[in-house]
Amino acid sequence: MFFRSEKMGVSVDLRRMGGVYVLLSRWQKAFDYLDKLEAGAIANPDEGRQVGHYWLRNVEIAPDAAKDQILDSWARLGAFAAEARENDWRYLLMVGVGGSALGPQLLMDALGDVSASLKVFFIDNTDPDGMDRVLKQIVLKDTLVAVLSKSGGTKETRNGLLEVRAAFEKQGLAFAPQAIAVTVENSKLDQLAQSEGWLARLPLWSWIGGRTSVTGMVGLLPLALSGLDWRAFLQGAADMDRYTRQKSVDNPAVMLAAGWHHAGQGKGARAMVVLPYKDRLILFPRYLQQLVMESLGKRLDMKGNIVQQGLTVYGNKGSTDQHAFVQQLRDGPDDFFVTFVSVLHGREGSSIEVEEGIQAADYLLGFLLGTRNALTQAGRKSLTIILDKVDPYRMGALIALYERAVGLYAAYIGINAYHQPGVEAGKKAAAQALELQKAILSGVSVKDSDDAELLRSYLKLNGRIP
């Protein structure tokens with residue numbers, strides 16, 4: 001199975017996955033399900049909400065209310081970006097977690113230029129040492145701070161906001177004139193930004209999940225402020241959406257989903273090892289970990305049956321990191337398939353020859369081909385994604401391809417890709433752990449447990465209890 005779009009400059013090659021076939025009649029329910037989602041059906045019954053990430057790049061298919069909101073957001077973004085560039089801000093600090101961090105991190109690492117006048121940094125965890133490392137690299141008086149959270153109640157994001165605000169106050173700087181809230185209207189964060197007079201408020205919507213939010217303001221804001229072509233990014237996603245709506249065996253998203261299903265026997269029996277042979281795409285495996293694993297890792301199917309579905313994703317960049325684990329991929333357990341990602345464009349400008357007739361980029365592709373052939377010889381499965389180059393248009397296409405493949409695969413095996421009960425369970429358990437810590441700090445006798453033991457060690461080491 002092979003797909004190539006000359007217009008998009010994207011290829012999908014499954015010829016080394018071993019006997020992957022698409023019977024369209026079996027995929028019809030999956031097609032119908034995604035058609036209904038795009039038409040506005042409720043996708044997440046837990047919260048009674050729609051999933052409209054496809055609307056973000058094609059307002060013509062959006063309900064009227066969402067269409068107006070999206071068009072207004074583009075106008076607001078364009079005006080704000082133009083104003084921000086006139087003020088010569090040197091840094092953009094984005095404070096967010098999960099989908100509010102991984103998507104823009106991928107985009108800026110893939111598309112950013114180290115010589116750009118505005119540099120983008122991220123606080124994406126509640127690790128104070130990590131925050132300090134970021135804050136030491138920027139000059140706060142020259143920094144815009146974007147806080148991204150749908151509700152404003154996400155603890156990691158709230159903690160990052162409080163830490164950054166404290167850093168501003170320590171330097172005698174006013175925070176609000178340099179702060180941007182990216183959130184749902186009337187959320188806690190939106191209300192805070194209004195009451196304090198923040199510089200700008202830009203929209204998120206309840207019908208966009210975090211892991212599918214990169215074609216909304218989460219991804220568009222850093223692109224626009226960096227002077228990158230955010231409209232080309234949206235166009236790439238929209239064009240890929242058109243290809244992947246086709247009820248055809250030539251649909252590249254169906255090819256991917258069918259390959260995953262074949263390799264993993266319909267239950268994720270093999271992990272997906274992602275090897276991008278391009279430094280600019282080093283974060284792509286991390287991005288796919290959230291998109292794929294949070295969407296497909298489900299205990300129950302849509303009928304309430306226990307299925308414990310999932311698809312494990314890991315990886316790093318080729319060719320450097322293949323030295324770390326390709327030995328096992330070739331000679332160890334046959335419990336994976338590899339996704340090779342190749343970028344045909346080597347660099348801007350000319351290149352030297354490192355050998356007669358050979359440039360450095362030739363080795364990069366050569367190592368991909370050599371590793372792929374070595375795995376094939378060992379009977380291991382692989383597929384290859386080929387991009388002509390890394391630019392905003394093709395990043396939009398790549399992201400849209402995987403969003404659709406995840407949606408089709410989930411619908412095909414009968415699970416809901418658009419809720420995350422396991423994540424919410426983790427948040428509740430974390431809250432219980434913090435209550436236990438408060439009890440220890442207050443001197444209340446608590447039941448011995450491994451949690452209590454670890455908390456006491458943590459508090460003693462940080463000088464908070466004797």
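This is a predicted model: local features need pLDDT of at least 70, side-chain atom pairs count only at pLDDT 80 or more; totals for chains, interfaces and linings use all residues.
Let me start with a charged side chain and a ring: Arg404 lies over the face of Tyr54, with a distance of 4.1 Å to the ring centre.

Staying with aromatic residues, a search of the whole structure finds 13 aromatic pairs. A pair of this kind is described by the distance of the ring centres and the angle of the planes. In the case of Phe175 and Trp198, the centres are 5.5 Å apart and the planes stand at 85°, so the pair is edge-to-face. Phe175 belongs to the loop between helix H5 (155-170) and strand E8 (179-184), while Trp198 belongs to the loop between helix H6 (188-196) and strand E9 (200-204), so the pair ties together parts that are 23 residues apart in sequence. Are these two residues buried or exposed? Phe175 is buried, and Trp198 is buried as well. Elsewhere, Trp260, Phe284, Tyr402 and Tyr409 form one aromatic cluster.

The loop that holds Phe175 also holds Pro177, since this proline is found between H5 and E8.

Let me turn to the strands, and to E15 in particular, which runs over residues 382-387 and is mostly covered, six of its six residues being buried. Both faces are covered, with Ser382, Thr384 and Ile386 buried on one side and Leu383, Ile385 and Leu387 buried on the other. Which strands pair with E15, and in which sense? Strand E2 (residues 10-13) pairs with E15 in the antiparallel sense over four bridges, and within that pairing Val12 has Ile385 as its bridge partner. Strand E14 (residues 336-343), by contrast, pairs with E15 in the parallel sense, over six bridges, and here Val338 stands opposite Ser382.

Next comes helix H15, residues 450-461, which has 12 residues and reaches 17 Å from its first C-alpha to its last, close to the 16 Å expected at 1.5 Å a residue. Its buried residues are Ala452, Leu455 and Leu459. These three cover an arc of only 65° around the axis, which puts them on the same side of H15. As background, an α-helix has 3.6 residues a turn, so residues three or four places apart point the same way. On the face of H15 turned away from the buried side we find the exposed residues Asp450, Glu453, Leu454, Lys460 and Leu461, and I would draw your attention to the two leucines, Leu454 and Leu461, among them.

What follows the helix is also worth a look. H15 is followed by Gly463, whose phi is positive, near 70°. Pro466 lies in the segment after H15 and is exposed, with a relative accessible area of 93%.

If residues up to four places away in sequence are not counted, His419 touches Asn44, Asp46, Arg211, Glu294 and Lys298.

Finally, a few points of backbone geometry. Most residues other than glycine have a negative phi, and most peptide bonds are trans. As for phi, Asp88 has a positive value of about 55° although it is not a glycine. Asp88 lies in the loop between helix H2 (64-86) and strand E5 (91-95), and is exposed, with a relative accessible area of 59%. Asn186, which is likewise a residue other than glycine, has a positive phi near 70°, and is found in the loop between E8 and H6.

Terms used:
Residues are numbered from 1 along each chain as its sequence is written. Side-chain values use heavy atoms; hydrogens and water are left out. Rings of Phe, Tyr and Trp (its six-membered ring) pair if their centres lie within 6.5 Å; planes under 30 degrees apart count as stacked, over 60 as edge-to-face and the rest as tilted. Buried means under 20% relative accessible area, exposed over 50%, partly exposed in between (1.4 Å probe, protein chains only). A charge sits over a ring if NZ of Lys or CZ of Arg is within 6 Å of the ring centre and within 35 degrees of the ring normal. The expected span of a helix is 1.5 Å times one less than its number of residues. The arc is that of the directions from the helix axis to the C-beta atoms. Contact means heavy atoms within 4.5 Å. Two strands pair if DSSP finds at least two bridges between them.
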